[in-house]
Amino acid sequence: MRTALLGLGHHLPPLGDAAGVSRPIAETGGTSDLARPAAEAALARAGASIDEVDFIVFATMTPD
């Protein structure tokens, strides 16, 4: 059995203003809603389709 890391992805929501500080703020949904664009970016970087993927590792410090 062979394992390979083929692509990495990340996604940040648009910048918003929270108490006078400009930072990424997810206005709707939660962490899981940010995961899809990150996974799509990883697939694009790997030049792979979802049909070729057996496993995706998702890590975050913030819950939904």
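The legends below describe close-up views of a predicted model of a single chain.

Residues are numbered from 1 along each chain as its sequence is written, and side-chain values use heavy atoms, with hydrogens and water left out. Because the model is predicted, local features need pLDDT of at least 70 and side-chain atom pairs count only at pLDDT 80 or more, whereas totals for chains, interfaces and linings use all residues.

**View 1. The chain as a whole, with one helix and two strands.** The order of elements from the N terminus is β-β-α. The radius of gyration, taken over C-alpha atoms, is 14 Å for the chain, well over the 11 Å that the globule rule gives for 64 residues, so the chain is more spread out than a compact globule. That rule is 2.2 Å times the number of residues to the power 0.38. The C-alpha trace spans about 50 × 20 × 15 Å along its principal axes. Helices (H or I, at least four residues) and strands (E, at least two) are DSSP runs, numbered from the N terminus. Of the 64 residues, 12% count as buried, where buried means under 20% relative accessible area, exposed over 50%, and partly exposed in between (1.4 Å probe, protein chains only). Among contacts (heavy atoms within 4.5 Å) between residues at least 6 apart in sequence, 51% join residues at least 24 apart.

**View 2. The salt bridge between Glu40 and Arg36.** The structure holds one salt bridge, defined as a side-chain nitrogen of Lys or Arg within 4 Å of a carboxyl oxygen of Asp or Glu. In this pair the closest N and O atoms are 2.9 Å apart. Both residues belong to helix H1 (residues 31–46) and are four residues apart, about one turn of the helix. Arg36 counts as exposed because its relative accessibility is 61%, while Glu40, at 43%, counts as partly exposed. Side chains of opposite charge can pair when their charged atoms come close.

**View 3. Ala38 and Ala42 in helix H1.** Ala38 is buried, with a relative accessible area of 15%, and Ala42 is buried at 16%. The C-alpha atoms of Ala38 and His10 are separated by 4.4 Å, although the two residues are 28 residues apart along the chain. For Ala42 and Leu8, 34 residues apart along the chain, the C-alpha separation is 4.4 Å.

**View 4. Ala18 in strand S1 (residues 15–18).** Ala18 is partly exposed, as its relative accessible area is 22%. Leaving aside neighbours within four places in sequence, Ala18 is in contact with Arg23 and Ile25. Ala18 and Glu40 are 22 residues apart in sequence, and their C-alpha atoms are 28 Å apart in space.

**View 5. The largest pocket and its lining.** About 1,000 Å³ of space lies in this largest pocket. Of the 31 residues that line the pocket, Leu5, Gly7, Phe55, Ile56 and Val57 are the closest to its centre. By class, the lining has 21 nonpolar, seven polar and three charged residues. Here Ala, Val, Leu, Ile, Met, Phe, Trp, Tyr, Cys and Pro count as nonpolar, Asp, Glu, Lys and Arg as charged, and the others, Gly among them, as polar. On a 1 Å grid over the protein atoms alone, a pocket is an open set of points where a 1.4 Å probe fits, with protein on both sides within 12 Å along at least five of seven lines; lining residues have an atom within 4 Å of a point. Grid points are joined across faces, edges and corners, and the volume is the space filled by probe spheres set on the points.
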